[in-house]
Amino acid sequence: EFHIDTIHHYPDIYSSEGLKKSYVVEEFIKSFKSKQGQFIEVVKLKEFGNALFIDNELQVAENDEALYSSTFVNSSMKLSTSNSSAAIIGGGDGGVARECIKNGFNYVDWFELDKEVVEACQKYLPEVFKNINKSNNVNCIWGDAFQNIVSCENEKYDHLFIDLNDDPYCINLAEKNMKEIKRIVKKNGVITAQVGSKNKKPKQVESWINTLKEHFGNTKISEVFIPSFDCNWNFVSSLNK
């Protein structure tokens, strides 16, 4: 077991029997279980700065988060430069919302389940979260995103970003709600999802590609190397034709 009082190397859950990897921890800042049932940890990593772990998996590290969030948003903007409106499903660390502000979106609806994740990032990863609180363009909508988007009007958003956890459950959840996602995105709007790493989970990435291709008939994949993840990370975009 991992005991924060005695061990100062946080194991990477993607380690194998033949290759053990871990993060060097300088400080354990906070850990708790949220009301939504997620085990949340904020730790200071020697190489990557303050970092958020959820259920023992690294979600974001402040020193290279911008690579993730900027590639995510730019992948969508390459297919359409329209920036009137955006929706974010997930993305509790705030990086995608920050990049939407940076790209001049008039307003952003941010659908997030776990308020405690957002509050932890706001407090302990302020560089990731910067400018969001100062912006009147971001509207946080708490609760189950897929229940909440049902009340959205048709063709509301130029861009929709799906930034859910990196697991098969979330693919299935998005798949079940893809008709609603398609309904609220404008014609020629863009849906972009973070789909994980082809290096670590190729079947998962392929599943996302197939899901989006089935519903939209087209996909474009982007990739960036994230040092703290120690792999290339992928984003898949589809144009809502």
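**Close-up views of a predicted model**

**View 1. Asn 188 in strand S10.** Asn 188 is found in strand S10 (residues 185-196); helices (H or I, at least four residues) and strands (E, at least two) are DSSP runs, numbered from the N terminus. Although Asn 188 is not a glycine, its phi is positive, about 70°. With a relative accessible area of 43%, Asn 188 is partly exposed (buried means under 20% relative accessible area, exposed over 50%, partly exposed in between, with a 1.4 Å probe and protein chains only). This is a predicted model, in which local features need pLDDT of at least 70 and side-chain atom pairs count only at pLDDT 80 or more, while totals for chains, interfaces and linings use all residues. Residues are numbered from 1 along each chain as its sequence is written, and side-chain values use heavy atoms, with hydrogens and water left out.

**View 2. Asp 55 between S4 and S5.** Asp 55 sits in the loop between S4 and S5. Asp 55 is not a glycine, yet it has a positive phi of about 50°. Its relative accessible area is 43%, which makes Asp 55 partly exposed.

**View 3. Helix H1.** Helix H1 covers residues 65-77, and at 1.5 Å a residue its 13 residues should span 18 Å; the expected span is 1.5 Å times one less than the number of residues. The end C-alpha atoms of H1 are 18 Å apart, in agreement. Ten of the 13 residues are buried, so H1 is largely enclosed by the rest of the structure. Among these buried residues are Tyr 68, Phe 72, Val 73 and Met 77.

**View 4. The largest pocket.** The largest pocket has a volume of about 640 Å³. A pocket, on a 1 Å grid over the protein atoms alone, is an open set of points where a 1.4 Å probe fits, with protein on both sides within 12 Å along at least five of seven lines; lining residues have an atom within 4 Å of a point. Grid points are joined across faces, edges and corners, and a volume is the space filled by probe spheres set on the points. Of the 33 lining residues, Gln 38, Gly 90, Asp 163, Leu 164 and Asn 165 lie nearest the centre of the largest pocket. Elements that give two or more residues to this lining include strand S4 (49-54), strand S5 (57-61) and helix H6 (168-176).

**View 5. The second largest pocket.** About 200 Å³ of space lies in the second largest pocket. It is lined by 13 residues, and Ser 22, Tyr 23, Val 24, Glu 47 and Phe 48 are the closest to its centre. Strand S2 (residues 22-33) gives the largest share of this lining, three residues.
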